[in-house]
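Me: Hi! I would like to learn how to read a protein structure, one feature at a time. Could you walk me through this one?

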Amino acid sequence: MRSIVFCTTCRLSKDEKCNAQGVTGGELLAREMEALLADNGRSDIKVERHECLWSCKEHCNVLLRDTEKFSYLTGRFVPQRDNVEAILEWFDLHGQSEEGAVGFRQWPDGMRGHFIARIPPQIEG
Ligand code: FES
């Protein structure tokens, strides 16, 4: 199972938690991803939401989750189209790889400096 998990309680910026409509940065980022997937007719990636991923200083946080391969906690994103494009491009490369390892040279520029943790696949048995 592959999904992208957005922290819905991450801040919009250092100074503001929400926009003028009261929506958090993390929720806005999730909506950006949903719009990108819809614009590209994609239904193969599941968007999930979760409150606080315990990496609050690195807002906005996103967990690139895969139950069969390495998963990755990423952060320091802002709710803009170019940010979700980079996330999706990298996660597509991850999906094409055998173990969930993407060569550094393949990384989109927008993913450099955004990785926080690598999480091993689920233990079998
Ligand atoms: S509020 Fe997003 S990680 Fe804590």
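Reply: Gladly! Let's begin with burial: a residue is buried if 20 or more other C-beta atoms lie within 10 Å of its own, exposed if 12 or fewer, and partly exposed in between. Keep in mind that this is a predicted model.

Me: How does Lys17 count, and why?

Reply: Lys17 has 15 C-beta neighbours inside 10 Å, so it counts as partly exposed. You will find Lys17 in the loop that joins strand S1 (2–7) to helix H1 (25–39).

Me: Which residues is Lys17 in contact with, leaving aside its neighbours within four places in sequence?

Reply: Contact here rests on C-beta atoms lying within 7 Å. With those sequence neighbours set aside, Lys17 touches Arg11, Leu12 and Thr24.

Me: Next, the strands. In which sense do S1 and S2 pair?

Reply: Strands pair through bridges, so look for those. S1 and strand S2 (46–50) pair in the parallel sense over 5 bridges. As an example, Ile4 has Val47 in S2 as its bridge partner. Between these strands the chain passes through H1, and this β-α-β crossover is right-handed.

Me: How many residues does H1 have, and how far does it reach?

Reply: A helix can be checked against the span expected at 1.5 Å a residue. H1, with 15 residues, reaches 21 Å from its first C-alpha to its last, close to the expected 21 Å. Just after H1, look for Gly41, which takes a positive phi of about 65°.

Me: Which residues of H1 are buried, and what covers them?

Reply: The buried ones are Gly25, Gly26, Glu27, Leu28, Leu29, Ala30, Glu32 and Met33. Their cover includes S1, S2 and helix H2 (81–96).

Me: And H2: where do its buried residues fall, seen down the axis?

Reply: Start with the list: Asn83, Val84, Ile87, Trp90, Phe91 and His94 are the buried residues of H2. Seen down the helix axis, they fall within an arc of 130°, so they line one face of H2. On the other side of H2, Arg81 and Gln96 are exposed. The cover over the buried residues of H2 includes S1, H1 and strand S3 (62–66).

Me: What span does H2 have?

Reply: H2 has 16 residues and reaches 23 Å from first C-alpha to last, close to the 22 Å expected.

Definitions and conventions. Residues numbered from 1 in each chain as written. Predicted model: local features only at pLDDT ≥ 70, side-chain atom pairs only at ≥ 80, totals over all residues. Helix = DSSP H or I, 4+ residues; strand = E, 2+ residues; numbered from the N terminus. Contact = placed C-beta atoms within 7 Å. Expected span 1.5 Å × (residues − 1). Pairing = 2+ DSSP bridges. Right-handed = clockwise from strand over helix to strand, strands pointing away. Arc of directions from axis to C-beta.
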